[in-house]
Amino acid sequence: FLLQGHEAFVLLPTQATATAPMPWVLYAPTLPGLPSDAEVWLFERLLADGIAIAGIDVGESYGNPAGCALYDVLYDHLTSARGFARRTVLLARSRGGLMTLSWAADRAERIAGFAGIYPVCDLRSYPGLAKAAPAFGTTAEELAAMLPRCNPIERLDALAAARVPFYCVHGDRDQLVPLPANSGALAERVRQRG
């Protein structure tokens, strides 16, 4: 279905397992080809346990404000029109980490947990500031100065204070999304915040 001209999806569990309010997972990225067949195994198990899955195509936003605003639109639609729970679990694959963590940084009260599949958590590691800058309407140099306000790895305080649990699956040989700069740094920073 479309929300403000952007493709969105909802996968609902069978009526036999559905509860109210509906527990749900916000999946990202939702782009052409994503989610993919790689998620079928996981999605089937979530649905069988009565958990809905939803997402919206925010483009290659890398966590920019426009992408976060679209997550607000999806969240508002699901919680007000469809009876979804007020708190969601984020399920981020790769650059979906940038998208979901950026949205969650200012909305900790909406987050029940974060699960990452080799999630990108730092704009510097992927896609790099030069490639991400156009999504933020800025230059790489200007984006570097904005990192404390827009880079998920630097904005974890509210989520940690809200005791949001984090779980990441990440290979230590990942060259595209290096473990130390992403899931490793995420784990270290969350632990530092108690």
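Strand S3 (24-28), helix H1 (40-48), strand S5 (88-93), strand S6 (111-117) and strand S7 (166-169) each give at least two residues to the lining of the largest pocket. Helices (H or I, at least four residues) and strands (E, at least two) are DSSP runs, numbered from the N terminus. The model is predicted: local features need pLDDT of at least 70, side-chain atom pairs count only at pLDDT 80 or more, and totals for chains, interfaces and linings use all residues. Residues are numbered from 1 along each chain as its sequence is written, and side-chain values use heavy atoms, without hydrogens and water.

The lining of the largest pocket comprises 21 residues. Leu42, Leu46, Leu91, Ala115 and Ile117 lie nearest the pocket centre. A pocket is an open set of points on a 1 Å grid over the protein atoms alone, where a 1.4 Å probe fits, with protein on both sides within 12 Å along at least five of seven lines; lining residues have an atom within 4 Å of a point.

The protein chain holds 7 helices and 7 strands. From the N terminus on, their order is β-β-β-α-β-α-β-α-β-α-α-α-β-α. The C-alpha trace spans about 50 × 35 × 30 Å along its principal axes.

Of the 194 residues, 51% count as buried (under 20% relative accessible area, 1.4 Å probe, protein chains only). Contacts are heavy atoms within 4.5 Å. Among contacts with a separation of 6 or more, 73% come from residues 24 or more positions apart.

Definitions and conventions:
Buried means under 20% relative accessible area, exposed over 50%, partly exposed in between (1.4 Å probe, protein chains only).
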